[in-house]
Amino acid sequence: MKILFRILVILVVASIIMGATYILVNMSGTSTSNRPREFTQNNGTNLQSPNGNFNPQLDRQRERSGGIIGLPFSMLGNLAVISLIAVVYLNTGRLFKRKPFATAK
Amino acid sequence: MSKQNRNKLLIDLIAFIALLVSMDPRSSGIPVHEWLTIAIAGVIIVHLLLNWNWIVEMTKRLFVKSTNGARLNYVLNWTLFINGVLIMLSGIMISQSVVPSFGITLPSNFEWRGLHEFSTNFAMLLMGLHIALHWSWIKNMVKRLFPGKERRTQAPGISFGRKDVQA
């Protein structure tokens, strides 16, 4: 019962954030102009999205590159980026904690 | 090592690997990306439940008695949670596999796509900081999980400490 209550709390908080974001995004969506957007592919052909909505065909073409062979490499790439951020933070923290100079007796 | 700590480490490791897989939809494919992310959301709920006591305690004494590091950790965790919710929501709004499989069509636009890309990139930064802030815990847990190597190097017969050099 206690766990169910905790799950409910997490879901309610998430729902509040989602609701607020949905309202904000829709407000910004209606304030921007609805003119059609155009994209030019490498081969010169234009892909146009009607009413400013995203074009699923264009989207799929963007997503299709890569493949399962690229997965380990992209995983390693993302891991490297996350590790780099962690290493930079850890070393920055140590740098500030370190005493400036060791005094000789 | 307690069973709860072992479970925590295991769950975090699984979630992290799943996150790495789902971070590149071009390689894993859209259906894997979307279904895996939903599974990760479930794992994150378990992660929060396992650390519930810490969340409650920190919320109670955030402005009363806590170190700056603990406050930073608390704020970072909230940012990570909000960012995760944004990723989920924007992902649902531009879904090409999960939502259509339920026969639902959502009016998606470029704002959701932009938000999804921004929050995903921001999540990488937050994840790096989250790992950095918990690095000592991770290191200790891994050491406790694999204690063999540690004990072998600390055995008195094969120890070469600074005393040998100074003597």
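**Figure 1. A salt bridge joins the side chains of E117(B) and R113(B).** In this predicted model, the N to O distance of the pair is 3.4 Å. Both residues belong to helix 7 of chain B, which covers residues 110-133. They are four residues apart in that helix, so about one helical turn separates them. An α-helix has 3.6 residues a turn, so residues three or four places apart point the same way. The two partners fall into separate classes of accessibility. R113(B) has a relative accessible area of 9%, which is under 20%, and therefore counts as buried. E117(B), with a relative accessible area of 35%, is partly exposed.

**Figure 2. R26(B) and D24(B) meet in a salt bridge through their side chains.** The distance from N to O is 3.7 Å. Which class of accessibility does D24(B) fall into, buried or exposed? D24(B) is buried, because its relative accessibility of 8% lies under the 20% limit. R26(B) is partly exposed, because its 45% relative accessibility lies between the limits of 20% and 50%. Over all chains, the count of salt bridges is two.

**Figure 3. Four residues of chain B form a nonpolar patch on the surface.** The members are W35(B), I38(B), F102(B) and I104(B). Together they have about 420 Å² of accessible area. I38(B) lies in helix 3 of chain B, a helix of residues 30-50. The relative accessible area of I38(B) is 37%, so this residue counts as partly exposed.

**Figure 4. Helix 3 of chain B consists of 21 residues.** From first C-alpha to last, the helix reaches 30 Å. This is close to the 30 Å expected at 1.5 Å a residue. Which residues of helix 3 of chain B are buried? They are I30(B), H33(B), E34(B), T37(B), I40(B), L48(B) and L49(B).

**Figure 5. A15(B) is in contact with I40(B) and V43(B).** These contacts leave aside the neighbours of A15(B) within four places in sequence. A15(B) sits in helix 1 of chain B, residues 3-22. The relative accessibility of A15(B) is 16%, under the limit of 20%, and so A15(B) is buried. How far apart in space are A15(B) and H134(B)? The C-alpha atoms of A15(B) and H134(B) are 15 Å apart, while 119 residues separate the two in sequence.

**Figure 6. G77(A) is part of helix 3 of chain A.** The helix runs over residues 71-97. G77(A) is partly exposed, because 32% relative accessibility lies between 20% and 50%. G77(A) and T21(A) are 56 residues apart in sequence, and 30 Å lies between their C-alpha atoms. Chain A as a whole has three helices and two strands. Along the sequence, these elements follow the pattern α-β-β-α-α. Of the 105 residues in chain A, 21% are buried. Chain A exposes about 8300 Å², and 66% of this area comes from carbon and sulfur atoms.

Methods
Residues numbered from 1 in each chain as written. Chains lettered and ligands numbered in written order. Predicted model: local features only at pLDDT ≥ 70, side-chain atom pairs only at ≥ 80, totals over all residues. Heavy atoms only, no water. Buried < 20%, exposed > 50% of the residue type's maximum accessible area, 1.4 Å probe, protein only. Patch = residues over 30% accessible without salt bridge, like charges linked within 9 Å, V, L, I, M, F, W, Y side chains within 5 Å. Areas by Shrake-Rupley, 256 points an atom, 1.4 Å probe, with all protein chains shown as cover. Expected span 1.5 Å × (residues − 1). Contact = heavy atoms within 4.5 Å.
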